Amino acid sequence: MSALVLGATGFVGREVVRQLCVRGTKTVAHVRPDSSKLETWRTTFGSLGASVDTTPWEAPALAARIRELDPAQIYILIGTTRSRAKADAVAGDIYEKVDLGLTELTVAAAKAAERKPRLVYLSSVGAGRGARSAYLSARGKAEDVIRASGLPWVIARPSIITGEREEGRLGEKSAAVVGDGLLAVAGMFGGRKLRDRYRSTSPDVLASALIRLGEAPQHDRVLDGSDLR
Ligand SMILES: NC(=O)c1ccc[n+]([C@@H]2O[C@H](COP(=O)([O-])OP(=O)(O)OC[C@H]3O[C@@H](n4cnc5c(N)ncnc54)[C@H](OP(=O)(O)O)[C@@H]3O)[C@@H](O)[C@H]2O)c1
(Lines give C-alpha, C1' and ligand atoms only; values in the text may rest on other atoms or scores of the structure.)
Protein backbone atom coordinates (compact mmCIF):
# COMPACT_ATOMS: atom_id res chain seq x y z
CA MET A 1 0.00 0.00 0.00
CA SER A 2 1.32 3.46 -0.80
CA ALA A 3 0.08 6.94 -0.01
CA LEU A 4 0.78 10.41 -1.39
CA VAL A 5 0.51 13.22 1.15
CA LEU A 6 -0.10 16.75 -0.20
CA GLY A 7 0.42 19.42 2.44
CA ALA A 8 2.93 17.06 4.11
CA THR A 9 4.82 19.97 5.68
CA GLY A 10 1.73 21.23 7.55
CA PHE A 11 0.79 20.74 11.19
CA VAL A 12 -1.47 17.79 10.30
CA GLY A 13 0.43 16.65 7.20
CA ARG A 14 3.68 15.89 8.96
CA GLU A 15 1.86 13.82 11.56
CA VAL A 16 0.02 11.88 8.84
CA VAL A 17 3.40 11.15 7.20
CA ARG A 18 4.88 10.00 10.51
CA GLN A 19 1.98 7.71 11.35
CA LEU A 20 1.81 6.22 7.84
CA CYS A 21 5.53 5.40 8.07
CA VAL A 22 5.05 3.76 11.49
CA ARG A 23 2.35 1.57 9.92
CA GLY A 24 4.75 0.50 7.17
CA THR A 25 2.91 2.32 4.35
CA LYS A 26 5.14 3.38 1.48
CA THR A 27 4.74 7.12 1.99
CA VAL A 28 5.49 9.93 -0.43
CA ALA A 29 5.54 13.37 1.19
CA HIS A 30 4.96 16.20 -1.26
CA VAL A 31 6.95 19.37 -0.62
CA ARG A 32 6.66 22.37 -2.90
CA PRO A 33 9.78 22.55 -5.08
CA ASP A 34 10.52 26.15 -4.09
CA SER A 35 10.24 25.45 -0.35
CA SER A 36 12.93 27.32 1.55
CA LYS A 37 13.14 24.35 3.92
CA LEU A 38 13.39 21.63 1.29
CA GLU A 39 16.63 20.13 2.61
CA THR A 40 15.29 20.12 6.19
CA TRP A 41 12.15 18.31 5.01
CA ARG A 42 14.24 15.79 3.09
CA THR A 43 16.11 15.00 6.31
CA THR A 44 13.00 14.96 8.51
CA PHE A 45 10.87 12.83 6.22
CA GLY A 46 13.82 10.66 5.20
CA SER A 47 14.50 9.80 8.83
CA LEU A 48 10.89 8.66 9.16
CA GLY A 49 11.19 6.43 6.10
CA ALA A 50 9.16 8.57 3.70
CA SER A 51 10.37 9.76 0.32
CA VAL A 52 10.04 13.39 -0.69
CA ASP A 53 8.38 14.41 -3.93
CA THR A 54 8.79 17.90 -5.35
CA THR A 55 6.54 17.74 -8.39
CA PRO A 56 5.49 21.30 -9.29
CA TRP A 57 1.87 22.35 -8.80
CA GLU A 58 0.93 21.79 -12.44
CA ALA A 59 -1.76 19.31 -13.46
CA PRO A 60 0.16 17.43 -16.22
CA ALA A 61 3.25 16.97 -14.03
CA LEU A 62 1.19 15.89 -11.03
CA ALA A 63 -0.87 13.51 -13.20
CA ALA A 64 2.29 11.86 -14.50
CA ARG A 65 3.58 11.45 -10.96
CA ILE A 66 0.29 9.97 -9.70
CA ARG A 67 0.22 7.55 -12.65
CA GLU A 68 3.74 6.42 -11.76
CA LEU A 69 3.19 6.14 -7.98
CA ASP A 70 -0.34 4.66 -8.21
CA PRO A 71 -1.08 5.56 -4.56
CA ALA A 72 -3.95 3.86 -2.74
CA GLN A 73 -4.73 7.19 -1.04
CA ILE A 74 -4.03 10.83 -1.74
CA TYR A 75 -4.25 12.92 1.42
CA ILE A 76 -5.13 16.54 0.59
CA LEU A 77 -4.14 18.53 3.68
CA ILE A 78 -3.54 21.91 2.12
CA GLY A 79 -4.62 25.40 2.93
CA THR A 80 -3.28 28.88 3.26
CA THR A 81 -3.50 31.54 5.96
CA ARG A 82 -3.36 35.30 5.61
CA SER A 83 0.29 35.43 6.62
CA ARG A 84 1.31 32.53 4.41
CA ALA A 85 -0.58 33.97 1.42
CA LYS A 86 1.19 37.28 1.95
CA ALA A 87 4.57 35.54 1.99
CA ASP A 88 3.58 33.62 -1.16
CA ALA A 89 2.38 36.87 -2.81
CA VAL A 90 -1.10 35.38 -3.39
CA ALA A 91 -3.54 38.22 -4.10
CA GLY A 92 -7.35 38.36 -4.27
CA ASP A 93 -9.41 35.62 -2.63
CA ILE A 94 -6.58 33.60 -1.11
CA TYR A 95 -8.82 30.66 -0.13
CA GLU A 96 -10.31 30.34 -3.62
CA LYS A 97 -6.83 30.46 -5.10
CA VAL A 98 -5.03 28.11 -2.74
CA ASP A 99 -7.49 25.94 -0.75
CA LEU A 100 -9.90 25.50 -3.67
CA GLY A 101 -7.44 25.98 -6.55
CA LEU A 102 -4.96 23.32 -5.44
CA THR A 103 -7.78 20.88 -4.68
CA GLU A 104 -9.16 21.37 -8.20
CA LEU A 105 -5.71 20.87 -9.62
CA THR A 106 -5.20 17.66 -7.62
CA VAL A 107 -8.54 16.21 -8.67
CA ALA A 108 -7.87 17.06 -12.34
CA ALA A 109 -4.45 15.40 -12.08
CA ALA A 110 -5.78 12.29 -10.31
CA LYS A 111 -8.47 11.85 -12.98
CA ALA A 112 -6.01 12.36 -15.83
CA ALA A 113 -3.69 9.77 -14.23
CA GLU A 114 -6.32 7.08 -14.86
CA ARG A 115 -5.75 5.53 -11.46
CA LYS A 116 -8.28 5.07 -8.67
CA PRO A 117 -6.74 6.56 -5.50
CA ARG A 118 -9.03 7.38 -2.61
CA LEU A 119 -9.07 11.13 -1.95
CA VAL A 120 -8.86 11.92 1.75
CA TYR A 121 -9.80 15.57 2.03
CA LEU A 122 -9.21 17.63 5.17
CA SER A 123 -11.97 20.24 5.26
CA SER A 124 -13.46 22.10 8.21
CA VAL A 125 -16.55 22.13 10.35
CA GLY A 126 -19.01 24.64 8.86
CA ALA A 127 -17.76 24.23 5.27
CA GLY A 128 -20.39 24.97 2.61
CA ARG A 129 -20.39 26.89 -0.66
CA GLY A 130 -23.04 29.27 0.71
CA ALA A 131 -21.12 30.04 3.92
CA ARG A 132 -20.53 33.71 4.72
CA SER A 133 -16.88 33.24 5.52
CA ALA A 134 -14.64 33.20 2.43
CA TYR A 135 -12.64 30.38 4.00
CA LEU A 136 -15.65 28.12 4.66
CA SER A 137 -17.18 28.90 1.28
CA ALA A 138 -13.96 27.92 -0.54
CA ARG A 139 -13.82 24.75 1.56
CA GLY A 140 -17.42 23.96 0.60
CA LYS A 141 -16.62 24.39 -3.09
CA ALA A 142 -13.56 22.19 -2.69
CA GLU A 143 -15.72 19.52 -1.05
CA ASP A 144 -18.04 19.65 -4.09
CA VAL A 145 -15.06 19.14 -6.39
CA ILE A 146 -14.01 16.09 -4.37
CA ARG A 147 -17.54 14.64 -4.40
CA ALA A 148 -17.88 15.13 -8.16
CA SER A 149 -14.47 13.63 -8.90
CA GLY A 150 -15.72 10.14 -9.75
CA LEU A 151 -12.97 8.79 -7.48
CA PRO A 152 -13.57 7.23 -4.06
CA TRP A 153 -13.39 9.94 -1.38
CA VAL A 154 -13.74 10.78 2.29
CA ILE A 155 -14.11 14.28 3.72
CA ALA A 156 -13.13 15.09 7.30
CA ARG A 157 -14.57 18.20 8.96
CA PRO A 158 -12.76 18.80 12.24
CA SER A 159 -13.18 21.83 14.44
CA ILE A 160 -10.05 23.67 15.66
CA ILE A 161 -6.79 21.73 15.45
CA THR A 162 -4.59 22.79 18.32
CA GLY A 163 -1.18 22.02 19.82
CA GLU A 164 2.36 23.36 19.81
CA ARG A 165 3.04 25.02 16.47
CA GLU A 166 6.35 26.66 15.50
CA GLU A 167 4.50 29.80 14.40
CA GLY A 168 2.38 30.15 17.55
CA ARG A 169 -1.14 31.04 16.28
CA LEU A 170 -2.36 32.44 19.57
CA GLY A 171 -5.92 33.00 18.22
CA GLU A 172 -6.26 29.31 17.41
CA LYS A 173 -5.12 28.29 20.90
CA SER A 174 -7.36 30.78 22.70
CA ALA A 175 -10.37 29.77 20.58
CA ALA A 176 -9.72 26.13 21.45
CA VAL A 177 -9.45 26.83 25.20
CA VAL A 178 -12.53 29.06 25.37
CA GLY A 179 -14.56 26.89 22.98
CA ASP A 180 -13.70 23.63 24.76
CA GLY A 181 -14.62 25.20 28.12
CA LEU A 182 -18.04 26.27 26.87
CA LEU A 183 -18.59 22.91 25.18
CA ALA A 184 -17.68 21.05 28.38
CA VAL A 185 -20.45 22.98 30.11
CA ALA A 186 -22.84 22.23 27.23
CA GLY A 187 -21.90 18.55 27.54
CA MET A 188 -22.82 18.54 31.23
CA PHE A 189 -26.25 19.92 30.37
CA GLY A 190 -27.06 17.34 27.71
CA GLY A 191 -25.33 18.96 24.70
CA ARG A 192 -23.05 16.00 24.11
CA LYS A 193 -23.49 15.90 20.34
CA LEU A 194 -22.68 19.60 20.13
CA ARG A 195 -19.63 19.15 22.35
CA ASP A 196 -18.30 16.18 20.36
CA ARG A 197 -18.80 17.94 17.03
CA TYR A 198 -17.16 21.25 17.89
CA ARG A 199 -14.47 20.55 20.46
CA SER A 200 -10.86 20.94 19.41
CA THR A 201 -8.63 18.11 18.32
CA SER A 202 -4.90 17.53 18.02
CA PRO A 203 -2.82 16.63 14.94
CA ASP A 204 -1.98 13.16 16.23
CA VAL A 205 -5.60 12.21 16.96
CA LEU A 206 -6.76 13.69 13.66
CA ALA A 207 -3.97 12.04 11.65
CA SER A 208 -4.84 8.65 13.03
CA ALA A 209 -8.53 9.20 12.18
CA LEU A 210 -7.66 10.33 8.64
CA ILE A 211 -5.56 7.21 8.04
CA ARG A 212 -8.31 5.00 9.45
CA LEU A 213 -10.82 6.64 7.11
CA GLY A 214 -8.39 6.42 4.21
CA GLU A 215 -8.01 2.68 4.63
CA ALA A 216 -11.55 1.71 5.75
CA PRO A 217 -13.71 -0.30 3.32
CA GLN A 218 -16.42 2.41 3.36
CA HIS A 219 -15.92 5.57 1.35
CA ASP A 220 -17.85 8.51 -0.12
CA ARG A 221 -18.72 9.89 3.31
CA VAL A 222 -18.34 13.06 5.32
CA LEU A 223 -17.16 12.75 8.92
CA ASP A 224 -17.27 15.43 11.58
CA GLY A 225 -15.63 15.96 14.97
CA SER A 226 -17.38 13.10 16.74
CA ASP A 227 -16.16 10.59 14.12
CA LEU A 228 -12.63 11.93 14.11
CA ARG A 229 -11.47 10.71 17.52
N1 LIG B 1 -5.79 24.55 12.00
C2 LIG B 1 -7.08 24.38 12.23
O3 LIG B 1 -7.60 24.67 13.33
C4 LIG B 1 -7.96 23.78 11.17
C5 LIG B 1 -9.25 23.38 11.49
C6 LIG B 1 -10.04 22.77 10.52
C7 LIG B 1 -9.51 22.61 9.23
N8 LIG B 1 -8.26 23.04 8.94
C9 LIG B 1 -7.74 22.88 7.58
O10 LIG B 1 -6.87 21.79 7.54
C11 LIG B 1 -5.78 22.05 6.66
C12 LIG B 1 -4.47 21.63 7.29
O13 LIG B 1 -4.34 22.29 8.54
P14 LIG B 1 -2.91 22.55 9.14
O15 LIG B 1 -3.13 23.14 10.47
O16 LIG B 1 -2.05 21.31 8.99
O17 LIG B 1 -2.34 23.65 8.12
P18 LIG B 1 -0.89 24.23 7.99
O19 LIG B 1 0.00 23.80 9.09
O20 LIG B 1 -1.06 25.69 7.76
O21 LIG B 1 -0.33 23.52 6.63
C22 LIG B 1 -0.83 23.88 5.39
C23 LIG B 1 -0.12 23.10 4.28
O24 LIG B 1 -0.54 23.68 3.02
C25 LIG B 1 0.63 24.05 2.27
N26 LIG B 1 0.39 25.27 1.52
C27 LIG B 1 -0.15 26.43 1.97
N28 LIG B 1 -0.18 27.33 0.99
C29 LIG B 1 0.33 26.72 -0.12
C30 LIG B 1 0.56 27.15 -1.45
N31 LIG B 1 0.26 28.38 -1.86
N32 LIG B 1 1.11 26.27 -2.33
C33 LIG B 1 1.43 25.02 -1.93
N34 LIG B 1 1.25 24.56 -0.67
C35 LIG B 1 0.71 25.40 0.22
C36 LIG B 1 1.72 24.29 3.30
O37 LIG B 1 2.98 24.16 2.65
P38 LIG B 1 4.26 25.02 3.17
O39 LIG B 1 4.67 24.42 4.49
O40 LIG B 1 5.27 24.83 2.11
O41 LIG B 1 3.80 26.45 3.30
C42 LIG B 1 1.41 23.18 4.31
O43 LIG B 1 1.94 21.95 3.85
C44 LIG B 1 -5.80 23.55 6.39
O45 LIG B 1 -6.06 23.74 5.05
C46 LIG B 1 -6.91 24.11 7.18
O47 LIG B 1 -7.70 24.99 6.43
C48 LIG B 1 -7.48 23.61 9.88
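Which residue of S5 does Tyr75 stand opposite? Tyr75 faces Val120 in S5. The model is a predicted one, in which local features need pLDDT of at least 70, side-chain atom pairs count only at pLDDT 80 or more, and totals for chains, interfaces and linings use all residues. Residues are numbered from 1 along each chain as its sequence is written, and side-chain values use heavy atoms, with hydrogens and water left out.

Seven strands form an open sheet in the order S3-S2-S1-S4-S5-S6-S7, and their pairing is parallel. Strands S3 (51–53) and S7 (221–224) stand at the edges; each has a single partner strand, so one side of each lacks a neighbour in the sheet. On average, neighbouring strands of this sheet are turned by 20° against each other, direction ignored. Strands (E, at least two residues) and helices (H or I, at least four) are DSSP runs, numbered from the N terminus. Two strands count as paired if DSSP finds at least two bridges between them. Axes are lines fitted to C-alpha atoms, for helices over the stretch in contact, and angles run from 0 to 180 degrees between N-to-C directions.

Strand S4 (residues 73–76) runs parallel to S1 (residues 2–6), joined to S1 by four bridges. Ala3 stands opposite Gln73 of S4. Val5 has Tyr75 as its bridge partner in S4. S4 also pairs with S5 in the parallel sense, over four bridges. Gln73 and Tyr75 point one way from S4, Ile74 and Ile76 the other way, and all are buried. Buried means under 20% relative accessible area, exposed over 50%, and partly exposed in between (1.4 Å probe, protein chains only).

Two helices that pack on the sheet involve both S1 and S4. Helix H3 (residues 59–69) touches S1, S2 (26–30), S3 and S4, and its direction makes about 155° with that of S1. Helix H5 (residues 94–112) touches S1, S4 and S5 (118–122), and its direction makes about 170° with that of S4. Contact means heavy atoms within 4.5 Å.

Helices H1 (residues 13–22) and H2 (residues 38–48) pack at an angle of about 30°, their axes 9 Å apart. H1 is therefore roughly parallel to H2 (under 35 degrees; over 145 is roughly antiparallel, 65 to 115 roughly perpendicular, the rest oblique). Arg14, Val17, Arg18 and Cys21 of H1 make the contact with Trp41, Phe45 and Leu48 of H2.
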